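Work through the exercises below with the model open. Each task is followed by a stepwise solution.

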Amino acid sequence: MDISLLCSQGRVADRTNNTLAGARYAARHLASLLGKKEITVGQLSPAEQDKWPESLDKARPHLGKMAAALSQELSKNKRVILTTSTCPTSLATIPEVVQKYPDIKLLWFDGHGDFNTPSSSDSAYLGGMVVSAVCGVWDAELTATIKPENVIIVGAHDIDPPEQVLLDQHRVQVIPPAQVQPDTLLPLIGDSPIWIHVDWDVLEPGHVPAEYKVKGGITLEQLRAVFRALPLDQVKGLELAEFSAQDDNNLRWLKNIEALVTDLLN
């Protein structure tokens, strides 16, 4: 299966400019690694501190462009790697994936559950509501949603109490950091197609910079071990989100990202 590389450069609830730069740096690095030209979608716009209704409304034009770009690549039966600034970009991608692969399993690697709703969230940050939205728990006006039982949140270690209630109600599988290993995940995947999302705050701080890092995450080697074990023929795509680019030494972090992608593809 051939590979396409998409880079999201439109603002989707970004509260800093570092993650938009991170998506761009990661795309360029992976383009060189894979011998592919990245497809850049959207234009840069400044970060803001808005709350979910405003940020979602402002993001809708870009989300539409991202959905169209991904749909085009999926229609060519390509495996897609996306570099995105924030997790809410998945409001565009996951519905397209579900329409192409209705029985897809979503592996959501994230330090947070991202399963709050507008009524449960204290912060009103769109990034904390993404998975619940793509599961149809609240109406984000998406074209398709994924069944909660097909979602596996991997490595979450900072979950709000109301969020935990919602996760339990909808029977979403959550794998805590200590259990993140191939023997735990592979039986949950079975022979289903797989879509992977990685928010770098799933890692213990120090591996790859992330805006919303929290101690207690998994190690890079844990993540690499899982990626090496995943059956590549079942992997339909990979989203890499929330890399917070730094002013110096980005190459160090990009090498870690490169290693992970290499583990998956080899």
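Predicted model: local features only at pLDDT ≥ 70, side-chain atom pairs only at ≥ 80, totals over all residues.

**Exercise 1.** Which residues are linked in a network of salt bridges?

Residues are numbered from 1 along each chain as its sequence is written, and side-chain values use heavy atoms, with hydrogens and water left out.

*Solution.* 
- Step 1. Apply it to the structure. There are 13 salt bridges.
- Step 2. Trace the network. Its members are Asp2, Lys36, Glu73, Lys76 and Lys78.
- Step 3. Inspect the pair Glu73 and Lys76. Their side chains meet at 3.4 Å, N to O.
- Step 4. Classify by relative accessible area: buried is under 20%, exposed is over 50%, and partly exposed lies in between (1.4 Å probe, protein chains only). Glu73 is buried because its value is 5%. Lys76, at 43%, is partly exposed.

**Exercise 2.** Take the salt bridges Asp50 to Lys58 and Glu221 to Arg228. Find the N to O distance and the burial class of each partner.

*Solution.* 
- Step 1. In the Asp50 and Lys58 pair, the closest N and O atoms are 3.2 Å apart.
- Step 2. Asp50 has a relative accessible area of 10%, so Asp50 is buried. Lys58 has 44%, so Lys58 is partly exposed.
- Step 3. For Glu221 and Arg228, the N to O distance is 2.4 Å.
- Step 4. Glu221 is partly exposed at 43%. Arg228 is partly exposed too, at 41%.

**Exercise 3.** What is the nearest side chain of opposite charge to Glu96, and how far away does it lie?

*Solution.* 
- Step 1. Locate Glu96: helix H3, residues 90-100. Helices are DSSP runs of H or I with at least four residues, strands are E runs of at least two, and both are numbered from the N terminus.
- Step 2. Assign charges. Lys and Arg are positive, Asp and Glu negative; His and the chain ends are not counted.
- Step 3. Search. The nearest opposite charge is Lys100, 10 Å away. Glu96 is buried and has no salt bridge.
- Step 4. List contacts (heavy atoms within 4.5 Å). Beyond four places in sequence, Glu96 touches Ala67, Leu70, Ser71, Leu74 and Thr143.

**Exercise 4.** Where does Asn77 lie, and what is its phi?

*Solution.* 
- Step 1. Asn77 sits in the loop between helix H2 (52-75) and strand S3 (79-84).
- Step 2. Its phi is positive, about 55°, although Asn77 is not a glycine.
- Step 3. Most residues other than glycine have a negative phi.

Terms used. Salt bridge = Lys/Arg side-chain N within 4 Å of Asp/Glu carboxyl O.
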